[in-house]
Amino acid sequence: GLPSGYEVEHLVRLFYPMAPLTLTPPENAEDCVWAEKTPDGLHTLVRQDGRSAERHAPLPAPVEQGGETPEFSLASLTYDLLRDWTGIRPPWGKMTGVRPVRLIHDKRAAGWTEAEIDHFFLDRFDCSQQKYQMAKAIADLQEPILKVGNEPGTYSLYIGIPFCPSRCSYCSFVSCNLDRDRKMVQPYVDCLCNEVEEIRRQADKAGLTLCSIYIGGGTPTSLSADQLRQLMGTVRENFDLSQVMEYTVEAGRPDCTDAEKLAVIQEYGATRISINPQTFSDEVLAGIGRKHSAQDILDCYADARKAGHEDINMDLIAGLPGDTVSFSGGYVYINGQRLEEEYLDQQGGTISPDQSSFTVPEGCLFFLGDNRSGSNDARYWEESYIPVGNVKARVLLAISLTGGSSWQGVRAIG
């Protein structure tokens, strides 16, 4: 009954990350999570291993009368049900996006008090104190840098391409499958070019100066070379690129980034591109839904250099399903690559032989964590990130996203 099930779908994946999505009502005995908006109210149901539970709620008051959107209300109802059902409290609560720190900046810019922002994160979204305090600390560090890049009278332009050759298993961005929705691409590019022209007109009226451009996605190179020419040509016709500090185009996936597209990106003024392998393991690439090999990544990088690109960044994710995690000499290695921080076991001694290595299993992720509850159940470990070369957490573990048992590893120095 909703225009989009996006919010509920990604919220459910906090508890059941590998569950397939269906729009067909389940059979009576079928394991499922079902959420719907009807003319009479909101309804959500979970059924698993012969047991079930459900919740109902009235339709929310309209937003203009101080109520919530039906999408958020149904997602909240589903979250409360699944939190009670599974015993899992996701560390970020109901938040399913990728930039919680941005919310803090936005609320501060809108004049919210710190108490109002606290309520927004901790009460409305059920975010843990630990994650919220981390987000606030990051926002405080970023704020002076952001002020430098936000001089009065300047603006940055983001151009989104919501299409991908396939959806990666870890991704929560809004995007359309290219094979399924290819007929939408050209009309979208046409409308996008019109919008770029209108943005320039409105910016001129407001006396604003463009300082940076970012074409992201999705996957911008899922467009054809001609569509890239059309879009980037429109950008070049409407803006003085010589005055732009940085112009980035994501060329993230080598399965749709060829030499011609790289040449177009260079010809039409981009100063930086990103080629994002995520991993150089062919097995892990296949497991996350990528349709290319590690060698394809290297070939794409070489083609980018040949096309004249000098500023190229790459994203890597440590701890994807299938990654090999090993320990040697007090250090942690992901697929043979050492993380630049030393580790000890939980008693402060050496790593025992039976903890020398393991492979992250299917449907799981490798996490760094801090066990705040004193339980060995993976569902109660709160910290959940592994920034390569900048490890901040205190305990290593492989955590089962379906609520199974955890592997408890080693404790970091400090």
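Strands β1 (residues 32-38) and β2 run antiparallel and are joined by seven bridges. This is a predicted model, where local features need pLDDT of at least 70, side-chain atom pairs count only at pLDDT 80 or more, and totals for chains, interfaces and linings use all residues. Residues are numbered from 1 along each chain as its sequence is written, and side-chain values use heavy atoms, with hydrogens and water left out.

**Strand pairing**
- Strands here are DSSP E runs of at least two residues, numbered from the N terminus, and two of them pair if DSSP finds at least two bridges between them.
- β1 and β2 make a hairpin with two residues between them, and Val33 has Val46 in β2 as its bridge partner.
- On to the next pair: seven bridges link β2 to β3 (residues 51-57), again in the antiparallel sense, with His43 partnered by His56 in β3.
- The β2 and β3 hairpin has two residues between the strands, and Asp49 takes a positive phi near 55 degrees there.

**Cover**
- β2 (residues 41-48) is mostly covered, as seven of its eight residues are buried (under 20% relative accessible area; exposed is over 50%, 1.4 Å probe, protein chains only).

**Surface patch**
- Phe280, Leu298, Met314 and Leu316 form a nonpolar surface patch with about 360 Å² of accessible area together (Shrake-Rupley, 1.4 Å probe).
- Patch residues have over 30% relative accessible area and no salt bridge, and nonpolar side chains are joined within 5 Å; a salt bridge is a Lys or Arg side-chain nitrogen within 4 Å of an Asp or Glu carboxyl oxygen.
- Leu316 sits in the loop between β10 (312-313) and β11 (324-328), and Leu316 is exposed at 54% relative accessible area.

Methods
Patches are made of residues with over 30% relative accessible area and no salt bridge: like charges are joined within 9 Å, nonpolar side chains (Val, Leu, Ile, Met, Phe, Trp, Tyr) within 5 Å. Helices (H or I, at least four residues) and strands (E, at least two) are DSSP runs, numbered from the N terminus.
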